[in-house]
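Subject: Structure handover

Hi there,

Here is the structure I promised to pass on. My notes on it follow below.

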Amino acid sequence: MNIVTRSVEIGGKTISFETGKLAKQASGAVVVRCGDSTVLVTAVCTEAFRVFDFLPLTVDYQDRNGANGTIPGGFLKREGHASERETLTSRLIDRPIRPMFPKHFRSELQIIATTLSFDPDNETDVLALCGASAAFHISEAPMSAPIAGVRVCRVGGKYVVNPDQEDRDNADINLIIAGTRDAITMVEGGADEASEEAMLDCLDLAQGYIREIIDTIDDLRSEAGKDKLEVGDPPQPDVKVQKYIERYGKKSLVKALAIRGKHERRDALKAARNALIEKIAAKETDEEVIAAKTADAKTSWEKLLRKTMREQVISERTRIDGRAPDEIRDIWCEVGVAPRAHGSALFTRGETQAYVNIALGTELDGQRLELPTGKEERTWMLTYYFQPFCTGEARPLRGPKRREVGHGALARRALIPVLPQKQDFPYVMRSTSEVLESNGSSSMATVCGSTLALMDAGVPIKAPVAGIAMGLIKEDDDYAVLSDILGDEDHLGDMDFKVTGTTNGITAFQMDCKIDGVSREIMAKALAQAREGRLYILEEMSQSIAEPREELSAFAPRITTIHIKTDKIRDLIGPGGKVIRSIQEACSVRVTVDDSGRVDVASSNQDLTDKAIQMIREITQEAEIGALYVGVVKRIVDFGAFVEIFPGTDGLIHISHLAHGRVDKVTDVLQEGDEVLVRVIDVDRSGKIRLSRKEALDSLGA
């Protein structure tokens, strides 16, 4: 057994890579460790080429409950379908690695990252990302260059690399940054209204540490690496067909590209291409030759389309739909579009449209998550739906795809910094975004629509948030940064770069590169141009609603908060929850109580809320020395009578305090069930209450 281990210190912590011990039948297998966190990452590269029109790479990250000493919930006691965290981590690994393979490579590739041990101070997502790069690098898979990633946080004004859990929790910037030895290729994370300059500082800091990790991965390969597969040059179309397409197709292609409408442009491009194919096919009689030349013609057309579109942007500074590089598509917004929703909005930018509604609930409506770091209750949720009709397609509806989960998580993260604190707004909030039309950046439309819907719902957000998707066309040393990109510009361009924020700064940041990376100069221009676009969009949004409504919807629950003493929580809940359930049933309200004694009563009917609060106060009130109460005699004993002065609380009237004169028998004065006026004369340390009927009578002059 030839075990090879290499390590590097990042942010004061040692990250080690080990191969040759576990999963030796995989093409490449690496165990990555940092602290007590351990991730096994396996890479498999099949030998046979398959018939795909894309790189067949699949990535799966798996948390294991046993890794952090917990047992799965549910009857089966087995980890089920991928959680949101697992899906997002899988995407995090996939995005920077995919561009590192030749586009024409068609052997199946798979990464499986499995958590063996989980230490909350050493997150496993970045470890899995680096492990995936190392596993592919030592395997025969033809990855052009290794990549690596680090997490950078800003805590108290200082930048921290590879932070522990406390630093992550207290950070106002939290980014995962991946890249090659020389350039950044992926960014994912959020911030609390951070400046563009702060983001650039994070990227610069990360690059040096990424280079150190890549050096370590290279060192691992030098000792344990396999020979790489020979991929060869990409297949080239027939030269004659390619020249014919270039000669006779350019004019019709340029004309079709000038059409602004997405579907109209697509149809015109297809018609122009098919007309050329028909002319090529008309010269042949052999079916196999026709099929081959048709395929070559389609490939040549795609190359010409990409080349023409990029030339127009670089040389003429004109985009597909005629816009300038920094121009935003037409925007229109509408709020209050769903009368029964607690808040709703429609946001349209060009041919991308999102309908968003907001539902407000109580603590009982929160989302309960089981995470490796422990159980979490989420009071802000955002669900993103991308249905087939939004792009004019017809396909079966299935569960959420990874893209939907990823876009929803990005939009949710974008709004977290501006949401009110629980003590100021004790509601659970859920945003549902339905993408009704899509032609570029539906996730950013979701951010804008959710902001409008939150304000329409009366949620007191700190500031409106808008999002914009940026693109890049780069040819040699010349480049153009594109604002508010179309779907085709995303497909044919070199970068997809999403930024969300307020007028004060950035709240979420996501970037993917299809080239080797981008320089600081390009990134700085992209961030500056994104800020200009974001401010423009915020101004357009303010025309519909500028600030949160002062009142909640008539259909939203009103939450009234009171506080009780912690030793009264048990009385309010009652045995098995009997008391709190009886209040909810009697008043048609929702009552929640936490360990601090905070009680929230939710109802859309104020009278029922008042009734419930009165019942709660009666149950949880405490006897005050000297106060008068009208109680009910519950039990008579030889030495006195026990009187319930309010529900669940009783005290003793000693026989000597029943009347001014001598009382021989308690029943001479009181009977069980009698109402009696009493004064509290003492409450001892154990909570026992002494009452006096005699002193109560004195107060009345009797």
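Leaving aside its neighbours within four places in sequence, which residues is V4 in contact with? They are F17, E18, T19, L220, E223 and A224, where contact means heavy atoms within 4.5 Å.

Before going on: this is a predicted model, in which local features need pLDDT of at least 70 and side-chain atom pairs count only at pLDDT 80 or more, while totals for chains, interfaces and linings use all residues. Residues are numbered from 1 along each chain as its sequence is written, and side-chain values use heavy atoms, with hydrogens and water left out.

V4 sits in strand β1 (residues 4-10); strands are DSSP runs of E with at least two residues, helices runs of H or I with at least four, numbered from the N terminus. V4 counts as buried because its relative accessibility is 4% (buried is under 20% relative accessible area, exposed over 50%, partly exposed in between; 1.4 Å probe, protein chains only).

Now the charges. The structure holds 45 salt bridges, each a side-chain nitrogen of Lys or Arg within 4 Å of a carboxyl oxygen of Asp or Glu. One of them pairs D512 with R95, with the closest N and O atoms 2.8 Å apart. This pair links distant parts of the chain, as D512 lies in strand β21 (residues 506-513) and R95 in helix α1, 417 residues apart. D512 is buried at 17% relative accessibility, and R95 is buried at 14%.

E284 and K293 also meet in a salt bridge, at 2.7 Å from N to O. Each counts as partly exposed, E284 at 24% and K293 at 24%.

Happy exploring!
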